Amino acid sequence: MRPTARASMKVMYGVVGSVLLILAAEVIGQFELAGRAWPPLTDVAQYVATPAGASLVWRNSLVTLAAAAEGFALGVVVAVLGAALALVIPLLRPGFDRFAAILHAVPTIALAPLLITTVGREDTPMVIAALSVGFVMFVTMTSGFAHTSTAHEDVFTVLGSGRMRRLTRLQLPRAVPAFFDGLTLSAPAAVLGATIGEWFGAPMGLGLVLVSAMQNYQMALLWAAALAATIMSLAAYLVFVQLQRLALRRFA
C-alpha cells in the first residue's frame, strides 16, 4: 500500500472512531445508561452555545492554558539544563537522578497544599505543571544525551575535546529527537498538571470550574470544562507530534 493511501486510511480510521465515540456518549446520555451524571453531549453543546456558558468556559480555559504554558516552559528549561549539567559534571548525575525520582514520587495531593501555602494559589497550577513536565523531560534528555555512537565518541576523544565541546557539538544535536519526544509527552502532562493545581483552590481556571460544577451538580458545566481540558491536551499533543516528525526528518 502506498504511503499516501496508508495515511488516508489512518485519517479515516480516526474520523470513524471519533464519530462512534461521540455517538456512544450521546446514546449513554440520552438513555441515562450511566445515570443522570452523564448528560447527553447535545445538552453540553447547548450549554456551551449560550453566551454565559461560552464566556465561562472560554475565560477559564485561557487561564488554564496560560498556567500550563508557563509550567511547560519552566519545566522544559530546568530539566534540559539539569540533564546537561549532570552530563558535564558526572558527580552530580546520581544526585539529580534520585532527586527527580523522589520529586516525581511525591503524590500531587500531598504536594499541592504545601505549594498553596508557599508559592500562593495563583502560581500553584504553574508549579505543578512544571513538575509534571520536568521529570519526563529530564528522563528523555538524559537518555538522548547518552544516544551517541562509540565511533563518534572515539573521534571526539582523539581530537581531545572537552565535555562542553562534546556536549554542544555531539550530544546536543543527537538528543534533538529525544527532546521532541519529551515535548510530545510533556505537553498533555502540563495541561493536566495545571488543571490539578487549580483544583486545590486557584482563583480561576478549569480545575476550579470542575470542583464548583461537581459540588453544585451542574453536569453540563462539569462536562464542558472536562471536554475543554481534554481538547487542549489533545491539541497540544498533536502540535508537538507534527513538530516531532519534522525534527526526525532533519536529525534522525
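The following legends describe close-up views of a predicted model.

**Close-up 1. Packing of helix α5 against helix α6.** Helix α5 comprises residues 108–118 and helix α6 residues 124–145. Two packed helices are described by the angle between their axes and the distance between the axes. For α5 and α6, the angle is about 140° and the axes lie 10 Å apart. The arrangement of α5 relative to α6 is therefore oblique, since an angle counts as roughly antiparallel when over 145 degrees. The crossing of α5 past α6 is right-handed.

**Close-up 2. The aromatic pair of Trp-38 and Trp-223.** Three aromatic pairs are found in a search of the whole structure. In one of them, the ring centres of Trp-38 and Trp-223 are 5.0 Å apart. The planes of these two rings stand at 50°, so the pair is classed as tilted; planes would have to be over 60 degrees apart to count as edge-to-face. Trp-38 is located in the loop between α1 (3–30) and α2 (41–49), whereas Trp-223 belongs to helix α11 (residues 219–251). The pair therefore ties together parts that are 185 residues apart in sequence. With a relative accessible area of 26%, Trp-38 is partly exposed.

**Close-up 3. The aromatic pair of Phe-72 and Phe-240.** Phe-72 and Phe-240 also form a tilted pair, with 5.3 Å from centre to centre and 45° between the planes. Phe-72 is part of helix α3 (residues 51–88) and Phe-240 is part of helix α11, so this pair ties together parts that are 168 residues apart in sequence. Both Phe-72 and Phe-240 are buried.

Close-up 4. Gly-82 is situated in helix α3. Its relative accessibility is 12%, and Gly-82 therefore counts as buried, the cut-off being under 20% relative accessible area. When neighbours within four places in sequence are left aside, Gly-82 is in contact with Phe-96 and Phe-138. Thr-184 is 102 residues from Gly-82 along the chain, and the C-alpha atoms of these two residues are separated by 19 Å.

Notes
Residues numbered from 1 in each chain as written. Predicted model: local features only at pLDDT ≥ 70, side-chain atom pairs only at ≥ 80, totals over all residues. Heavy atoms only, no water. Axes fitted to C-alpha atoms, helices over the stretch in contact; angles between N-to-C directions. Helix = DSSP H or I, 4+ residues; strand = E, 2+ residues; numbered from the N terminus. Parallel < 35°, antiparallel > 145°, perpendicular 65-115°, else oblique. Left-handed = near helix turned anticlockwise from the far one by under 90°. Phe/Tyr/Trp six-rings, centres within 6.5 Å; stacked < 30°, edge-to-face > 60°. Buried < 20%, exposed > 50% of the residue type's maximum accessible area, 1.4 Å probe, protein only. Contact = heavy atoms within 4.5 Å.
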